[in-house]
Amino acid sequence: MAFARPKKREPVGEAGLFEYAVGALARRMRTERDLRRLMKLRAEEGETGARAMDAVVARLKELNYLSDTRFAEDYTRVRKEHEKFGKRRVQQDLMQKGVGKELVASTLETAYEDVDEVALARQYIARKRMKQPSGANAQKETVRAMNRLLRAGFSSRAIYKVLREWELPEELTEGMEAGGADAEVFAEPEEGARDSDSYSGQNEKE
């Protein structure tokens, strides 16, 4: 049985784009870059579509429906207070979502100004129910825990302090503190492991 191909959407003008954009923002907050990406799929091609998108973005900002500043603040609050992620993870995620570098820096400086990174790492461990490495696989489990905490955005120095609280054998954490070259690039995710993201949904159908 042959399946019919989905009909290609007809391009819409400024009014149609505005209506669509308001609906997209009502479902969840978005950055300007993300919203433009979605509108581009429905806008007319060329300069006509570009002008229509610019006009829609300008109107949404005037109405305070669209704000990268508000998005960055809300996103950071959720990731820090609920997900317990470290500063570097949130920085990476905001940059990937199209928030400007200066805005990311100022938002994180304010949000994490008085945060005890070691305490936050402990909260992350508790939230994820990470178990203390033990037994024959202690070394492998320790490396996995270190990588997981790095991916969560914590510095190697903070990770070292947390793992030392587990009273692991010295050889398992040897070199971590001295090598505290805080990872700028996070380790590859473990197979099948994904941290939850309250702002996820990049694959949702719009």
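Modeller: A residue is called buried under 20% relative accessible area, exposed over 50% and partly exposed in between, using a 1.4 Å probe and protein chains only. The model is predicted, so local features need pLDDT of at least 70 and side-chain atom pairs count only at pLDDT 80 or more, while totals for chains, interfaces and linings use all residues. Residues are numbered from 1 along each chain as its sequence is written, and side-chain values use heavy atoms, leaving out hydrogens and water.

Colleague: Does Arg129 count as buried or exposed?

Modeller: Arg129 is in the loop between α7 (117–128) and α8 (138–151). Helices here are DSSP runs of H or I with at least four residues, strands are runs of E with at least two, and both are numbered from the N terminus. The relative accessibility of Arg129 is 74%, so this residue counts as exposed.

Colleague: What is the phi of Arg129?

Modeller: Most residues other than glycine have a negative phi. Arg129 is not a glycine, yet its phi is positive, at about 55°.

Colleague: Where is Asn64, a residue other than glycine with a positive phi?

Modeller: Phi of Asn64 is near 65°. With a relative accessible area of 49%, Asn64 is partly exposed. Its place is in the loop between α3 (46–62) and α4.

Colleague: How many salt bridges are there?

Modeller: Side chains of opposite charge can pair when their charged atoms come close. A salt bridge is counted when a side-chain nitrogen of Lys or Arg is within 4 Å of a carboxyl oxygen of Asp or Glu. By this rule the number of salt bridges is 10.

Colleague: Which residue forms a salt bridge with Asp34?

Modeller: Asp34 is buried, at 10% relative accessible area. The N to O distance is 3.0 Å, and the partner is Arg30.

Colleague: How many residues apart in sequence are Asp54 and Arg36?

Modeller: Asp54 and Arg36 form a salt bridge, with the closest N and O atoms 2.9 Å apart. Asp54 is in helix α3 and Arg36 in helix α2 (residues 32–40), so the pair ties together parts whose separation in sequence is 18 residues.

Colleague: Which residues are linked with Arg36 and Asp54 in a network of salt bridges?

Modeller: Asp54 is partly exposed at 43% relative accessibility, and Arg36 is partly exposed at 25%. The network that holds Arg36 and Asp54 also includes Glu32 and Lys61.

Colleague: At what angle do α2 and α3 cross?

Modeller: Axes are lines fitted to C-alpha atoms, for helices over the stretch in contact, and angles run from 0 to 180 degrees between N-to-C directions. The axes of α2 and α3 come within 11 Å, and their crossing angle is roughly 140°.

Colleague: What does that make α2 relative to α3?

Modeller: Angles under 35 degrees count as roughly parallel, over 145 as roughly antiparallel, 65 to 115 as roughly perpendicular and the rest as oblique. The crossing at roughly 140° therefore makes α2, relative to α3, oblique.

Colleague: Which residue of α3 is in the contact with α2 and is a Leu?

Modeller: Contact means heavy atoms within 4.5 Å. The α2 side has Glu32, Leu35, Arg36, Met39 and Lys40. On the α3 side are Met53, Asp54, Val56, Val57, Lys61 and Leu60.
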